[in-house]
Amino acid sequence: MDKSRFSLLPAVVLTGVVLSLWTGHGVAQEIALTPLQATEVAKGYRADALKLKPVVNDKKEAIGRVDDFIFGQDGSIFVVLSVGDFTGLTGQLVAIPFRSLKLDDASGNIVLPGANRAALEKLPVFLSSR
């Protein structure tokens with residue numbers, strides 16, 4: 001009787017290990033922000049707060065308005081600017097990398113350093129398929 005109990009023990013242990021690994025895939029896992037990440041998030045900007053805001057160049061010349069944001073599957077972020085119309089409704093849409101913008105300007109403006117309206121209007125028109 002003791003011998004049969006010992007021969008079943010490895011099978012029971014192996015079954016328990018396999019089941020615990022298999023059930024772990026279906027369980028939701030909690031993702032926690034570290035204090036550093038939470039601090040960085042608190043310093044950030046909401047997309048809605050930036051949408052339709054004017055964008056100026058480093059000479060304070062109005063060059064467009066934030067129309068939308070595109071989030072790439074690789075984690076990249078682009079800003080869609082409406083150039084040529086400052087209502088944000090009918091201008092030519094162009095996409096630029098989000099990292100190109102300066103959001104913490106002392107004037108409170110969103111700044112695209114080195115840009116001008118004519119150069120932005122020469123960029124390919126942004127067309128969304130989604």
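Trainee: Which residue in β2 is the bridge partner of Pro 54?
Mentor: Arg 65 is the bridge partner of Pro 54. The model is predicted, so local features need pLDDT of at least 70 and side-chain atom pairs pLDDT 80 or more, while totals for chains, interfaces and linings use all residues. Residues are numbered from 1 along each chain as its sequence is written, and side-chain values use heavy atoms, without hydrogens and water.

Trainee: How many bridges join β1 to β2?
Mentor: Three, between residues 54–56 and residues 62–71, and the two strands run antiparallel. Strands here are DSSP runs of E with at least two residues, numbered from the N terminus, and two strands pair if DSSP finds at least two bridges between them.

Trainee: What is the strand order in the sheet?
Mentor: The order is β4-β3-β2-β1-β5, in an open sheet of five strands with mixed pairing. β4 (92–97) and β5 (110–111) each have a single partner strand, so one side of each has no neighbour in the sheet.

Trainee: Switching to the core. Which residues touch the most other members?
Mentor: Val 55, Leu 81, Leu 101 and Leu 112, out of 16 residues in the largest nonpolar core. Such a core is a set of buried Ala, Val, Leu, Ile, Met, Phe, Trp, Tyr and Cys residues joined through side-chain atoms within 4.5 Å; buried means under 20% relative accessible area with a 1.4 Å probe, protein chains only.

Trainee: What is Leu 101 in contact with?
Mentor: Beyond its neighbours within four places in sequence, Leu 101 is in contact (heavy atoms within 4.5 Å) with Val 55, Val 79, Ile 96, Ile 110, Val 111 and Leu 112.

Methods. Helices (H or I, at least four residues) and strands (E, at least two) are DSSP runs, numbered from the N terminus. Buried means under 20% relative accessible area, exposed over 50%, partly exposed in between (1.4 Å probe, protein chains only).
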